Amino acid sequence: MRMRPTLSWTPTDDLPPGTTDLEPVADALRTGGVLVLSGAGISTESGIPDYRGEGGSLSRHTPMTYQDFTGSAQARRRYWARSHLGWRTFGRALPNTGHRAVAAFERHGLLTGVITQNVDGLHQAAGSAGVVELHGSLDRVVCLSCGALSPRRELARKLAAANPGFAPVAAGINPDGDADLGDEQVGDFRVVDCALCGGILKPDVVFFGENVPPARVERCRDLVRAAASLLVLGSSLTVMSGLRFVRQAAEADKPVLIVNRDPTRGDRHAVTRIALPLGAALTAVAGRLGITVEGVESGTDAPTGR
């Protein structure tokens, strides 16, 4: 499967409006067999911006494409300089109440799994076990020549040693862990190659324009087939890599429920879209189900949820 490098999507007037009624989500979870598909919006409360919401990073930042990364040494220098700086912030992000609510639903046997489009590892940090990282993870690095995997923290140490004193001030951090830096700030940043073969190192994530491993896609398809319903959390569903699972569920007459403040490309396939902040909404749903979310007082409800 090839990710389409679609960076934007314009909502049409015929999309159904959002609601604040959380009961359909609570009902789906009571029934069980729910598959979660999460996007960047679930991590915004952890300090990681999304791509397309209000103040999203696409307004100032174009993500690296696979073709640019593999085809240009300067593009790789720019990427690794920005990513190395961004990792210092990105790597310290902590799960928020949305991540912890999803983990609590899983512990109570209400979920069949979690597919995340995020590369931040926050679902796992919150305690979720059945997570498929559709687009990979920033905490791993892969060599494009020999395929060797290594921890990101190991590369971070090597990049720090190769670039002493590199500490520019970034304009912001993006959902892919990339910091906003100008070319003059990148300067002559030194890139580190694979220690085993001297090949090009790349974060073990799927860039725009890159293939998602077919086995991973099929695993996600299997999860959709096995689920009773699909719950989308914090994704605009702009790229086909996530939208295709929404379409698959809808074509199989499985209810699709979306919690996202803004309209999404999947709204026409959904039985409802709840336009509420994710942390508050999922905490409120947990309260209705008598489930405790770590770090949240019992009885908390979303202020506008019915």
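**Helix packing and salt bridges in the predicted model**

Asp222 is partly exposed, with a relative accessible area of 40%. Its partner in a salt bridge is Arg225. The closest N and O atoms of Asp222 and Arg225 are 2.4 Å apart. Arg225 is likewise partly exposed, at 46% relative accessibility. Both Asp222 and Arg225 belong to helix 8, which spans residues 214-226. Three residues separate Asp222 from Arg225, about one turn of the helix. An α-helix has 3.6 residues a turn, so residues three or four places apart point the same way. The structure described here is a predicted model.

The chain as a whole is considered next. Its secondary structure comes to 10 helices and nine strands. The chain has 306 residues, and 55% of them count as buried. Contacts between residues at least 6 apart in sequence were also examined. Of these contacts, 73% join residues at least 24 apart.

Helix 4 was then examined for burial. This helix is mostly covered, with 10 of its 11 residues buried. The buried residues of helix 4 include Thr97, Gly98, Ala101, Val102 and Phe105. His99, Arg100, Ala103, Ala104 and Glu106 are buried as well. Several elements pack against the buried residues of helix 4. Among them are three helices: helix 1 (23-31), helix 5 (122-126) and helix 10. Strand 2 (111-116) and strand 7 (229-233) also pack against these residues.

The pairing of helix 4 with helix 10 can be described in detail. Two packed helices are described by the angle between their axes and the distance between the axes. Helix 4 covers residues 97-107, and helix 10 covers residues 278-288. Their axes lie 8 Å apart, at an angle of about 30 degrees. Angles under 35 degrees count as roughly parallel, and helix 4 and helix 10 are therefore roughly parallel to each other. The crossing of helix 4 past helix 10 is left-handed. On the helix 4 side, the residues in contact are Thr97, Gly98, Ala101, Val102 and Phe105. They meet Gly279, Leu282, Thr283, Val285 and Ala286 in helix 10. By class, six residues of this contact are nonpolar and four are polar. The contact of helix 4 with helix 10 has no charged residues.

Salt bridges were searched for throughout the structure. Side chains of opposite charge can pair when their charged atoms come close. The search finds 11 salt bridges. One of the pairs lies in helix 6, which spans residues 152-162. There, the side chains of Lys158 and Glu154 meet at 3.7 Å, N to O. Lys158 and Glu154 are separated by about one helical turn, because they are four residues apart in helix 6. Lys158 counts as partly exposed, at 34% relative accessibility. Glu154 is partly exposed too, with a relative accessible area of 30%.

Arg140 and Glu133 form another salt bridge, with an N to O distance of 3.3 Å.

Terms used: Residues are numbered from 1 along each chain as its sequence is written. This is a predicted model: local features need pLDDT of at least 70, side-chain atom pairs count only at pLDDT 80 or more; totals for chains, interfaces and linings use all residues. Side-chain values use heavy atoms; hydrogens and water are left out. Axes are lines fitted to C-alpha atoms, for helices over the stretch in contact, and angles run from 0 to 180 degrees between N-to-C directions. Helices (H or I, at least four residues) and strands (E, at least two) are DSSP runs, numbered from the N terminus. Angles under 35 degrees count as roughly parallel, over 145 as roughly antiparallel, 65 to 115 as roughly perpendicular and the rest as oblique. A crossing is left-handed if the near helix is turned anticlockwise from the far one by less than a right angle, and right-handed if clockwise. Contact means heavy atoms within 4.5 Å. Ala, Val, Leu, Ile, Met, Phe, Trp, Tyr, Cys and Pro count as nonpolar, Asp, Glu, Lys and Arg as charged, and the others, Gly among them, as polar. A salt bridge is a side-chain nitrogen of Lys or Arg within 4 Å of a carboxyl oxygen of Asp or Glu. Buried means under 20% relative accessible area, exposed over 50%, partly exposed in between (1.4 Å probe, protein chains only).
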